[in-house]
Amino acid sequence: MQATISIPQHWDYPRFALEQRTQDGIILGFYYYPNGTELAEQFDDGWRYVLMPNKNSDELFHFQESQIKPLSPQELFSQIRAEIDFYQSQIAILQQQLAAITGGSTNG
């Protein structure tokens with residue numbers, strides 16, 4: 001079942017999506033400061049995003065929507081390709097380990 005998020009009609013729609021890759025990291029969450037609230041008066045209204053610089057980080061950063069720099073299609077392609085290559089090499093290593101413990105048969 002896919003989770004859904006309801007956004008009030010009088011709010012702007014967020015420009016970025018959950019798990020979207022950006023130049024500053026991956027978007028893990030977002031929140032909204034509605035116009036006319038104390039937080040919006042203090043920090044400006046609009047969307048704020050929570051980003052993790054990389055999947056091995058324990059740091060989180062908070063950005064206003066205007067501060068987020070999206071990746072170019074080439075940068076996004078390059079990142080995804082590198083991740084695919086990494087996981088394919090991990091699969092090959094695991095297959096070799098499995099073959100070693102099963103005597104060459106990987107059918108179980």
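Let's start at Ser 72, which counts as partly exposed because its relative accessibility is 25%; buried here means under 20% relative accessible area, exposed means over 50%, and partly exposed lies in between (1.4 Å probe, protein chains only). This is a predicted model, in which local features need pLDDT of at least 70 and side-chain atom pairs count only at pLDDT 80 or more, while totals for chains, interfaces and linings use all residues. Residues are numbered from 1 along each chain as its sequence is written, and side-chain values use heavy atoms, with hydrogens and water left out.

Ser 72 sits in the loop between strand 4 and helix 2. Helices (H or I, at least four residues) and strands (E, at least two) are DSSP runs, numbered from the N terminus. From Ser 72, hop across to Thr 22: the two are 50 residues apart in sequence, yet 9.0 Å apart in space, C-alpha to C-alpha.

Thr 22 takes us into the sheet, where its bridge partner in strand 2 is Gly 25. Strands 1 and 2 make a hairpin with two residues between them, and they pair in the antiparallel sense over two bridges. For the record, two strands pair if DSSP finds at least two bridges between them. Zoom out and you have an open sheet of four strands, in the order 1-2-3-4, with antiparallel pairing. Its edges are strand 1 (21-22) and strand 4 (61-64), each of which pairs on one side only.

Further in, strand 2 (residues 25-33) and strand 3 (residues 46-52) run antiparallel, joined by seven bridges. You can follow that pairing through Ile 26, whose bridge partner in strand 3 is Met 52, and through Tyr 32, which stands opposite Trp 47.

Strand 3 also holds Arg 48. A salt bridge is a side-chain nitrogen of Lys or Arg within 4 Å of a carboxyl oxygen of Asp or Glu.) Even so, the side chain of Arg 48 reaches the backbone oxygen of Asp 44 at 2.8 Å.

How many salt bridges turn up in the whole structure? A search finds three. One is between Glu 83 and Arg 21, with the closest N and O atoms 2.7 Å apart. That pair links distant parts of the chain, with Glu 83 in helix 2 and Arg 21 in strand 1, 62 residues apart. Another joins Lys 69 to Asp 24, at 3.5 Å between the closest N and O atoms. Here too distant parts are linked: Lys 69 is in the loop between strand 4 and helix 2, Asp 24 in the loop between strand 1 and strand 2, 45 residues away. Then there is Asp 85 with Arg 81, whose closest N and O atoms are 3.0 Å apart. Both lie in helix 2, four residues apart, about one turn of the helix.

Let's finish on helix 2 (residues 73-102), which also carries Ile 80. Why is Ile 80 called partly exposed? Because its relative accessibility is 35%. Together with Leu 76 and Ile 84, Ile 80 forms a nonpolar patch on the surface, with about 200 Å² of accessible area in total. Patches are made of residues with over 30% relative accessible area and no salt bridge; like charges are joined within 9 Å, and nonpolar side chains (Val, Leu, Ile, Met, Phe, Trp, Tyr) within 5 Å. The areas come from the Shrake-Rupley method with a 1.4 Å probe, and for residues only the protein chains shown count as cover.

Methods: Polar contact = N/O pair within 3.5 Å; in protein donor to acceptor, adjacent residues only side chain to side chain.
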